[in-house]
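Let's work through some exercises on a protein fold together. Keep the structure open beside you and try each task before you read its solution.

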Amino acid sequence: MSRLLPPDEFRRVFDTYKLSVFRLETLQEYREPDETAMLAAFQSGQAWPPDPSKAEWLEAVRSARRSGRSIQRAHVVQEPLSEYLVFELSWGYAPNVSEGEDVRIVRVPPGNSWPEQLPQQDFWLFDASQLYLQHYDDGGTWLGVELDTEPSHIVAACRWRETALHMGVPWLDYVSTQPQLVDALRRAS
């Protein structure tokens, strides 16, 4: 692993992309400090609490949509869904989708193995030309992001993006087949 970028430096990439952003998510649980209040509210059956970082992301999605840029995400999920995935796939993604983010779910049914066409590495891909690898510890806590400038890795990430989008089910289609996600969304409203 080479140098991890400071968070502020990575955030600036979101201000400079021209056409598209894609995120591949592979972890089954993320431990993000900015999700703590929201996750606690979800677990205790309370309403969505104010979340400044989520509001910032939603504004970025709205801004991208208004300017004709796209933001896409695919999450590889292993079933049965953990409590964290129920939280993320309902409360985490519903606002994103309502603002225009294209979220896809790559389903791994019980007993099936990881799709061999996809890596087990989270990454961001900007304009199909800038690859940023996400690094997490074993518990799902974010350690940082690394710029990968190797051309063959960027080409591979473009292929993985297309594969994940092709394999992935649109978020709403997936949610409608999962009673626990429908229930979680109903509780949130």
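## Exercises with worked solutions

Helix α6 (residues 151-167) lies across β1, β2, β3, β4, β5 (130-136), β6 and β7, and it runs at about 100 degrees to β4. Keep in mind that this is a predicted model.

**Exercise 1. Find the order of the strands in the sheet, and say which strands stand at the edges.**

Step 1. Begin with the general idea: strands of a sheet pair through backbone hydrogen bonds, either parallel or antiparallel.

Step 2. Go from neighbour to neighbour. The open sheet has 7 strands in the order β6-β5-β4-β1-β2-β3-β7, and the pairing is mixed.

Step 3. Look at the two ends of that order. β6 (142-148) and β7 (169-170) are the edge strands; each has a single partner strand, so one side of each lacks a neighbour in the sheet.

**Exercise 2. Describe how β1 pairs with β4 and with β2.**

Step 1. Take β4 to begin with. Strand β1 (residues 20-25) and strand β4 (residues 123-126) run antiparallel and are joined by 4 bridges. Within this pairing, Arg23 has Trp124 of β4 as its bridge partner.

Step 2. Now turn to β2. Here β1 pairs in the parallel sense, over 6 bridges. Leu24 stands opposite Ala74 in β2.

**Exercise 3. Work out how helix α2 packs against helix α4.**

Step 1. Know what to look for: two packed helices are described by the angle between their axes and the distance between the axes.

Step 2. Read off both values. Helix α2 (residues 36-44) and α4 pack at an angle of about 105 degrees, and their axes are 11 Å apart. That makes α2 roughly perpendicular to α4.

Step 3. List the residues that meet. From α2 come Met38, Leu39, Ala41, Phe42 and Gln43; from α4 come Glu83, Tyr84, Val86, Phe87, Ser90 and Trp91. By type, the residues of this contact divide into 8 nonpolar, 2 polar and 1 charged.

Step 4. 9 of the 10 residues of α4 are buried, so the helix is largely enclosed by the rest of the structure. Among them are Leu85, Glu88, Leu89 and Gly92.

**Exercise 4. Which residues of α8 are buried, and what covers them?**

Step 1. Pick out the buried residues of helix α8 (residues 179-188): Leu181, Ala184 and Ala188.

Step 2. Look down the axis of α8. The buried residues fall within an arc of 60 degrees, so they line one face of the helix.

Step 3. Turn to the face away from the buried side, where you will find the exposed residues Pro179 and Arg186.

Step 4. Ask what covers the buried residues of α8. The cover includes α2, α4 and α7 (171-175).

**Exercise 5. Describe the surroundings of Met167.**

Step 1. Locate the residue: Met167 lies in helix α6. Its relative accessible area is 31%, so Met167 is partly exposed.

Step 2. Find its contacts. Leaving aside residues up to four places away in sequence, Met167 touches Ile105, Val106, Pro115, Gln117 and Leu118.

Step 3. Compare sequence and space. Met167 and Ala74 are 93 residues apart along the chain, while their C-alpha atoms are separated by 9.2 Å.

Definitions and conventions:
Residues numbered from 1 in each chain as written. Predicted model: local features only at pLDDT ≥ 70, side-chain atom pairs only at ≥ 80, totals over all residues. Heavy atoms only, no water. Pairing = 2+ DSSP bridges. Helix = DSSP H or I, 4+ residues; strand = E, 2+ residues; numbered from the N terminus. Contact = heavy atoms within 4.5 Å. Axes fitted to C-alpha atoms, helices over the stretch in contact; angles between N-to-C directions. Parallel < 35°, antiparallel > 145°, perpendicular 65-115°, else oblique. Nonpolar A, V, L, I, M, F, W, Y, C, P; charged D, E, K, R; others polar. Buried < 20%, exposed > 50% of the residue type's maximum accessible area, 1.4 Å probe, protein only. Arc of directions from axis to C-beta.
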